[in-house]
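User: I'm new to reading protein models. Could you walk me through a few features?

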Amino acid sequence: MSVTRFFTNFVYVPLVMKFMRYAIRHRIAGVARFTLTVLFPMIVTFLLIGVWHGAGATFVAFGLLMGVALSINHVWVKLECPALPKGVGWLLTMLVVVCGMIFDRSASL
């Protein structure tokens, strides 16, 4: 089993299911439901992935950065914002990845 499959099956999906049931039970809709059922589980999962890479604060920051970046992407798609030009999208992706690698490789925050 890969780490990706483990975190998907045992962290992300159970969190999504738990919060989806909570949102349905308490009649939460709209932005609050999207935040609760998509964004929050994604950020928590990536934080745990950062901790899996190493227990230091830099790895937690790395996981948080990746989770927030992916969450911004999901919000962008959900709001149906126009697609960025290919070069701009690539540059933005590389900027996030390189910034993440700085946290991944540094000895301290």
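Analyst: Let's start with one aromatic cluster, made up of Phe6, Phe7 and Phe10. This is a predicted model, where local features need pLDDT of at least 70 and side-chain atom pairs pLDDT 80 or more, while totals for chains, interfaces and linings use all residues. Residues are numbered from 1 along each chain as its sequence is written, and side-chain values use heavy atoms, leaving out hydrogens and water.

User: How many aromatic pairs are there by the ring rule?

Analyst: Rings of Phe, Tyr and Trp (its six-membered ring) pair if their centres lie within 6.5 Å; planes under 30 degrees apart are stacked, over 60 edge-to-face, and the rest tilted. Here that gives three pairs. Phe6 and Phe7 are edge-to-face, at 5.4 Å centre to centre with 80 degrees between the planes. Phe6 and Phe10 are tilted, at 5.3 Å and 45 degrees.

User: Is Phe7 buried or exposed?

Analyst: Buried means under 20% relative accessible area, exposed over 50%, partly exposed in between (1.4 Å probe, protein chains only). Phe7 is buried because its value is 7%. Phe6, at 38%, is partly exposed, and Phe10, at 51%, is exposed.

User: What does threonine 37 touch?

Analyst: Contact means heavy atoms within 4.5 Å. Leaving aside residues up to four places away in sequence, Thr37 touches Val16, Phe19, Met20 and Ala23. Thr37 is at 5% relative accessibility, so it counts as buried. Its side chain also reaches the backbone oxygen of Arg33 at 2.6 Å.

Technical notes:
A polar contact is a pair of N or O atoms within 3.5 Å; within protein, one must be able to donate a hydrogen and the other to accept it, and residues adjacent in sequence count only if both atoms are side-chain atoms.
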